[in-house]
Amino acid sequence: MDFRSSDTITGPRTEDVLPTTATAAVKVVIVGGFGVGKTTMVGSVSEIRPLTTEETMTQAGVGVDDNAGVETKTATTVAMDFGRISLSEELILYLFGTPGQERFWFLWNGLFEGALGAVVLIDTRRLEVSFDVIGRLEERGVPFVVAVNTFPDAPHHPVEALRRALDLPDEVPMIDCDARLRASSRDVLMTLMRYLHSLAVPLA
Amino acid sequence: MSGPRRERRKTDPALSDPERLYVITGDLDDSERAALDLVTMVVAQAEPSPTFQPEQAAILRLCQAPLSVAEISAYLSLPFSVVTSLLSDLLATELIESRAPIVRATLPDRSLLEAVMHGLQKL
Ligand SMILES: Nc1nc2c(ncn2[C@@H]2O[C@H](COP(=O)(O)OP(=O)(O)OP(=O)(O)O)[C@@H](O)[C@H]2O)c(=O)[nH]1
Ligand SMILES: [Mg+2]
């Protein structure tokens, strides 16, 4: 294993060390297509500099050459950015910025199912890159809100037109945001929590 | 607006079953390993000493205060599965303690969501 001597490992900065009471964690997933602002959103609300965790998957090659007995292996590394918000002395929220290519989701065991919910970030210039991601969340029964990241040169569509193009049920909240701004990203998370709260009311 | 349109999908009971949680990763024979989530919180129960392997010592040093599995993986620059396997060994020998995350239940817990909103309001 490739491992640096433990003396050279830098842990959290002193101000980022959690109190000993911080033992209850929840997570939210921020998902969207390539370049929609996932890392930006994680970074703008996180109390720590965003960190990256990786997972590697090794696959045996199938019938790629005729060298009998020679096995080819391909390794795929999937990285995910994440940030952290201490909500209280006990409760910590982790935010994971997850690439939209669902074929790698299985690597992150329980990532979506265990999350309180998800934020789907969309870019109105490339709406279709989020179609599959939204479908996957629906299939998994993961509650989500849709945040429209406002890029300067992006066409502005009324929310109702976007809702139709995305075929979203009326109850799924949609909100405009600027992922670079902490207050805006915080509002997106608040919208998600209010939505989850409304789902907690039993539909009599 | 014109352009491509999406079509809504139905919840797939096979994919949304809470029973399915934490039973997928590589080593199905190792239930301890499968139980560690990215946001399982880890706290060391011992001081690092030279008798430990470097990876174990590094984990014990990092986890003198609570830290998530994801943070340990990031600070050590080791893949998630490598970290969970190291943590399983440390758990088995009680050198660390872990606390599973609060996951979304079939019926969301309103008081939990209220605590999250309260915390976000202070940002
Ligand atoms: N104007 C504007 N620019 C943004 C916004 N959010 C992100 N950007 C910019 O868009 C670019 C891509 O943002 P990232 O946060 O890296 O996107 P990402 O989804 O993490 O991208 P990948 O990880 O590569 O898929 C960066 O140059 C950001 O500065 C926004 O709300 N408004
Ligand atoms: Mg990114």
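## The shell around ligand 1

In this predicted model, ligand 1 is surrounded by 14 residues, of which the closest are Gly35(A), Lys38(A), Thr39(A), Thr40(A) and Asn149(A). Sorted by class, this shell is made up of six polar, five nonpolar and three charged residues. Helix 1 of chain A, which spans residues 38-45, supplies the largest share of the shell, namely three residues.

Oxygen atoms of ligand 1 come close to polar atoms of both backbone and side chain. On the backbone side, an oxygen atom of the ligand lies 3.0 Å from a polar backbone atom of Gly37(A), and an oxygen atom of the ligand is likewise 3.0 Å from a polar backbone atom of Ala179(A).

When cavities of 30 Å³ or more are counted, the model has one, and the volume of the largest cavity is about 40 Å³. Its lining consists of Val78(A), Thr98(A), Pro99(A), Gln101(A), Phe104(A), Trp105(A) and Trp108(A). By class, the lining of the largest cavity comprises five nonpolar and two polar residues, with no charged residue, whereas the shell around ligand 1 includes three charged residues.

Note on methods. Residues are numbered from 1 along each chain as its sequence is written. Chains are lettered from A and ligands numbered from 1 in the order in which they are written. This is a predicted model: local features need pLDDT of at least 70, side-chain atom pairs count only at pLDDT 80 or more; totals for chains, interfaces and linings use all residues. Side-chain values use heavy atoms; hydrogens and water are left out. A residue is near a molecule or strand if one of its heavy atoms lies within 4 Å of it. A polar contact is a pair of N or O atoms within 3.5 Å; within protein, one must be able to donate a hydrogen and the other to accept it, and residues adjacent in sequence count only if both atoms are side-chain atoms. Helices (H or I, at least four residues) and strands (E, at least two) are DSSP runs, numbered from the N terminus. Ala, Val, Leu, Ile, Met, Phe, Trp, Tyr, Cys and Pro count as nonpolar, Asp, Glu, Lys and Arg as charged, and the others, Gly among them, as polar. On a 1 Å grid over the protein atoms alone, a cavity is a set of points where a 1.4 Å probe fits but cannot get out, and a pocket is an open set with protein on both sides within 12 Å along at least five of seven lines; lining residues have an atom within 4 Å of a point. Grid points are joined across faces, edges and corners, and a volume is the space filled by probe spheres set on the points.
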